[in-house]
Amino acid sequence: MAKNLQDTTALHNGIKMPWFGIGVFKVEEGSELVAAVKSAIKHGYRSIDTAAIYGNETSVGQAIHEGIQEANISREDLFVTSKVWNADLGYEATLAAFETSLNKLGLEYLDLYLIHWPVKGKYKEAWRALEKLYKDGRVKAIGVSNFQIHHLEDLMGEAEIKPMINQVEFHPYLTQKELITFCRTHDIQMEAWSPLMQGQLLDNPVLQEIADKHGKTVAQVILRWDLQHGVVTIPKSTKEHRIVENASVFDFELTQEEMDRIDALNQNHRVGPDPDNFDF
Ligand SMILES: NC(=O)c1ccc[n+]([C@@H]2O[C@H](COP(=O)([O-])OP(=O)(O)OC[C@H]3O[C@@H](n4cnc5c(N)ncnc54)[C@H](OP(=O)(O)O)[C@@H]3O)[C@@H](O)[C@H]2O)c1
């Protein structure tokens, strides 16, 4: 169980990934993004999640370079994730997309590179490219995103290297019980996207009651619930006070009863697309 913001989980290849990070979906290139990521680094975050399709890798890279200098840490202290977009799934196309992301970020390696969506008929070729990037030392860990159990089984049937991560939509209205169990069994670390359900869960009365009991906010309760489930979490905020708030989850513990109450909120409700039925 994570004890502080910089605590890590060991992926199945031994690489250490922080349990907690910041996501930057829907934040455009520019000063707001640079300030947010630098603020996160200043406040002790060590993991940053971006993607080619977010169109903000250049600003993320700028923030990383400025942020590590200001915090007096080194590149190796950070864990940087990006993802290959659907249009670039294919062996050569994925290799090229990786170089583009790396160039935009201004980095020499990535810590984690993910296949963003399980596009039918395309993700296996892309995975071969990720395996090559991993073997060549260009990326410390490789994984997938939005993969259901059947996608993982299909991929692992042919893959040489098993994914280290599966990053999926996960929050109290979408608890992904079977997927968590499957990933745990196969030593694939689960990672939550939209952990706060993009801000739409914050007035839930059950979560509010639990939050009040601990003197915490609903966001903090949800993020703590992620960690107690052994799920890596990457809430997004561009507001410094929320960046700090979200990471202040290491000084309280949810009881088993509270965990069960939050689990019982599940409605299999998605804010994002269904990985079995998307057309982009
Ligand atoms: N792999 C994928 O397909 C995929 C898909 C979606 C997202 N992701 C990743 O997951 C990250 C997180 O998901 P997300 O950005 O979709 O949603 P999220 O983290 O669940 O929620 C972000 C929203 O909640 C607000 N917020 C954050 N902290 C808050 C707090 N303490 N109190 C009240 N409101 C708060 C933010 O607003 P402010 O910024 O104004 O604070 C923002 O509107 C993304 O940024 C991205 O890196 C991956």
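Colleague: Is R242 buried, partly exposed or exposed, and what is its relative accessible area?

Modeller: Please keep in mind that this is a predicted model. R242 has a relative accessible area of 43%, which makes this arginine partly exposed, because that class runs between 20% and 50%.

Colleague: Where does R242 sit?

Modeller: R242 belongs to helix α9, which covers residues 240-247.

Colleague: And which residues gather with R242 in a patch on the surface?

Modeller: R242 gathers there with K26, K236 and K239, and the patch carries positive charge.

Colleague: Let us turn to charged pairs. How many salt bridges does the count come to?

Modeller: The count comes to 14 salt bridges. One of them joins the side chains of D154 and K124, with 2.9 Å from N to O.

Colleague: Which residue does E125 meet in a salt bridge?

Modeller: The partner of E125 is R128, and their side chains meet at 3.1 Å, N to O. Both residues lie in helix α4, 3 residues apart, which is about one turn of the helix. E125 has a relative accessibility of 37% and counts as partly exposed; R128, at 41%, counts as partly exposed too.

Colleague: What about D251: what does it form a salt bridge with?

Modeller: D251 forms a salt bridge with K216, and the closest N and O atoms are 2.9 Å apart. D251 lies in the loop between α9 and α10, while K216 lies in the loop between α7 (205-214) and α8, so the pair ties together parts 35 residues apart in sequence.

Colleague: Does K216 count as buried or exposed?

Modeller: K216 counts as buried, because its relative accessibility is 15% and buried means under 20%.

Colleague: Changing topic, how many aromatic pairs does a search of the whole structure find?

Modeller: The search finds 11 aromatic pairs. Among them is the pair of F25 and Y54, which is tilted, with 5.0 Å from centre to centre and 40 degrees between the planes.

Colleague: Why is the pair of W117 and F278 called tilted?

Modeller: The ring centres of W117 and F278 are 5.0 Å apart and the planes stand at 45 degrees, so the pair is tilted. This pair also links distant parts of the chain: W117 is in the loop between β6 (110-115) and α4 (123-135), and F278 is in the segment after α10 (256-263), 161 residues apart. Both W117 and F278 are buried.

Colleague: Which residues form one aromatic cluster?

Modeller: W85, W117, W193, F278 and F280 form one aromatic cluster.

Colleague: Two more residues, please. Is D226 buried or exposed?

Modeller: D226 is buried, with a relative accessible area of 0%. Its place is in helix α8 (residues 218-228). D226 and W19 are 207 residues apart in sequence, and their C-alpha atoms are 9.4 Å apart in space.

Colleague: And is E178 buried or exposed?

Modeller: E178 is exposed, at a relative accessible area of 59%, and its place is in helix α6 (residues 177-185). E178 and V271 are 93 residues apart along the chain, and 19 Å separates their C-alpha atoms.

Conventions: Residues are numbered from 1 along each chain as its sequence is written. This is a predicted model: local features need pLDDT of at least 70, side-chain atom pairs count only at pLDDT 80 or more; totals for chains, interfaces and linings use all residues. Side-chain values use heavy atoms; hydrogens and water are left out. Patches are made of residues with over 30% relative accessible area and no salt bridge: like charges are joined within 9 Å, nonpolar side chains (Val, Leu, Ile, Met, Phe, Trp, Tyr) within 5 Å. Accessible areas come from the Shrake-Rupley method with a 1.4 Å probe; for residues, only the protein chains shown count as cover. A salt bridge is a side-chain nitrogen of Lys or Arg within 4 Å of a carboxyl oxygen of Asp or Glu. Lys and Arg count as positive and Asp and Glu as negative; His and the chain ends are not counted. The place of a charge is taken as NZ of Lys, CZ of Arg, CG of Asp or CD of Glu. Helices (H or I, at least four residues) and strands (E, at least two) are DSSP runs, numbered from the N terminus. Buried means under 20% relative accessible area, exposed over 50%, partly exposed in between (1.4 Å probe, protein chains only). Rings of Phe, Tyr and Trp (its six-membered ring) pair if their centres lie within 6.5 Å; planes under 30 degrees apart count as stacked, over 60 as edge-to-face and the rest as tilted.
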